[in-house]
Amino acid sequence: MKRRSLDPETPAESAELSLCEALLSLKNAEEMSAFLHDLCTPAELEVLVDRWRVVPYLLDGVAYREIHERTAVSITTIGRVARFLNQGNGGYLAAAARAARRRAAGKATSKKVKA
């Protein structure tokens, strides 16, 4: 992570909070995708996607080597994600739980529509 030697006009904490608020203001996955593509370089976005891609496997207890074989994500990245799942701030777990609930709700809705 690069650090600037000069004091920026906006403190880092304030800028981070502003980014979080911007992310929360987006209404759907399409808006979020557009924002992320504007915000990130292709390489940065690929790193984020790779990290998120391995979360479900780690939560299911899949071995690192098997996750690597299924996703082509490096063992180092898998280990980094696992460390933050276990010792981080709870962000991965909160997002994964909400994503699972959305998927379950979507499946329940689609079953009702088919019936």
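**Exercise 1.** Classify Arg 70 by its relative accessibility.

*Solution.* Step 1: the relative accessibility of Arg 70 is 48%. Step 2: the classes are buried (under 20% relative accessible area), exposed (over 50%) and partly exposed (in between), with a 1.4 Å probe and protein chains only. Step 3: Arg 70 therefore counts as partly exposed.

The model is predicted, so local features need pLDDT of at least 70 and side-chain atom pairs count only at pLDDT 80 or more, while totals for chains, interfaces and linings use all residues. Residues are numbered from 1 along each chain as its sequence is written, and side-chain values use heavy atoms, with hydrogens and water left out.

**Exercise 2.** State the secondary structure content of the protein chain and the share of its residues that is buried.

*Solution.* Step 1: helices (H or I, at least four residues) and strands (E, at least two) are taken as DSSP runs, numbered from the N terminus. Step 2: the protein chain has six helices and zero strands, in the order α-α-α-α-α-α from the N terminus on. Step 3: 16% of its 115 residues count as buried.

**Exercise 3.** Find the salt bridges in the structure and describe the surroundings of each partner.

*Solution.* Step 1: a salt bridge needs a side-chain nitrogen of Lys or Arg within 4 Å of a carboxyl oxygen of Asp or Glu. Step 2: the structure holds two. Step 3: in one, Glu 66 and Arg 70 have their closest N and O atoms 2.3 Å apart. These residues are four apart in helix α4 (residues 64-71), which means a separation of about one helical turn. Glu 66 is partly exposed at 32%. Step 4: the other joins the side chains of Arg 53 and Asp 50, with an N to O distance of 3.1 Å. Here the spacing is three residues in helix α3, again about one helical turn. Asp 50 is buried at 19%, whereas Arg 53 is partly exposed at 37%.

**Exercise 4.** Determine how the rings of Trp 52 and Tyr 92 are arranged.

*Solution.* Step 1: rings of Phe, Tyr and Trp (its six-membered ring) pair if their centres lie within 6.5 Å; planes under 30 degrees apart count as stacked, over 60 as edge-to-face and the rest as tilted. Step 2: the structure holds one aromatic pair. Step 3: the centres of Trp 52 and Tyr 92 are 6.5 Å apart and the planes stand at 20°, so the pair is stacked. Step 4: Trp 52 belongs to helix α3 (residues 42-59) and Tyr 92 to helix α6 (residues 91-114), so the pair ties together parts 40 residues apart in sequence. Step 5: Trp 52 is partly exposed, with a relative accessible area of 36%.

**Exercise 5.** Locate Ala 72 and comment on its phi.

*Solution.* Step 1: Ala 72 sits in the loop between α4 and α5 (75-87). Step 2: at 64% relative accessibility, Ala 72 is exposed. Step 3: its phi is near 65°, a positive value in a residue other than glycine. Step 4: for comparison, most residues other than glycine have a negative phi.
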